[in-house]
Amino acid sequence: MLDKLSCSYDIFESAEAYFEVAKEKHFDIIFMDVNLPGMSGTEAAHLIKQENSRLPILAITADIFLTQAQNEVFDNVIHKPYKLSQIEAALSQFYS
């Protein structure tokens, strides 16, 4: 879907893999699965926000009920299965 929107992106298998690359690379927005192997998406989002509170992080989840802590750390939530229009709307919320 991001290809259809002409976005460049990186995919990481875990939050730990992201943190290794993020030391040397800038990201404009993060689509974060809530349920990741190892560190959870919520834990990772908290750490990212400590380093850069302005970096938008969007939760990607099949869970329709997020906890209060998750609602506080993520800037928006996209529920699975998602559609291209949801991705477009999320991106336009932060970038016009």
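In which crossing, left-handed or right-handed, does helix 1 pass helix 2? The legends below begin with that pair. This is a predicted model, in which local features need pLDDT of at least 70 and side-chain atom pairs count only at pLDDT 80 or more, while totals for chains, interfaces and linings use all residues. Residues are numbered from 1 along each chain as its sequence is written, and side-chain values use heavy atoms, with hydrogens and water left out.

**View 1. The packing of helix 1 and helix 2.** Helix 1 (residues 15-22) and helix 2 (residues 41-51) pack at an angle of about 20°, and their axes are 10 Å apart; helices (H or I, at least four residues) and strands (E, at least two) are DSSP runs, numbered from the N terminus. The axes are lines fitted to C-alpha atoms, for helices over the stretch in contact, and the angles run from 0 to 180 degrees between N-to-C directions. Helix 1 and helix 2 are therefore roughly parallel to each other, a term for angles under 35 degrees. Helix 1 passes helix 2 in a right-handed crossing, meaning that the near helix is turned clockwise from the far one by less than a right angle. On the side of helix 1 the contact (heavy atoms within 4.5 Å) is made by A15, Y18 and F19, and on the side of helix 2 by A44, L47 and I48. By class, this contact has six nonpolar residues, with no polar and no charged ones; Ala, Leu, Ile, Phe and Tyr are among the residues that count as nonpolar.

**View 2. The buried side of helix 1.** A15, Y18 and F19 are the buried residues of helix 1, where buried means under 20% relative accessible area and exposed over 50%, with partly exposed in between (1.4 Å probe, protein chains only). These residues cover an arc of only 100° around the axis, which puts them on the same side of helix 1; the arc is that of the directions from the helix axis to the C-beta atoms. The buried residues of helix 1 pack against strand 1 (30-33) and helix 2.

**View 3. The two sides of helix 2.** Buried in helix 2 are G41, T42, A44, A45, I48 and K49. Seen down the axis of helix 2, its buried residues fall within an arc of 155°, so they line one face of the helix. On the other side of helix 2, Q50 and E51 are exposed.

View 4. T61 is found in strand 2 (residues 57-61), and with a relative accessible area of 2% it is buried. When neighbours within four places in sequence are left aside, T61 is in contact with V34, L66, V77, I78, H79 and K80.

**View 5. The cis peptide bond at P81.** K80 and P81 are joined by a cis peptide bond, for which omega is about -10°. P81 has its place in the loop between strand 3 (76-79) and helix 4 (84-94).

View 6. S6, in the segment before helix 1, has a positive phi of about 60° although it is not a glycine, and at 69% relative accessibility S6 counts as exposed. N35 lies in the loop between strand 1 and helix 2 and is exposed, with a relative accessible area of 61%. The C-alpha atoms of N35 and A59, which are 24 residues apart along the chain, are separated by 9.7 Å.

Key. Parallel < 35°, antiparallel > 145°, perpendicular 65-115°, else oblique.
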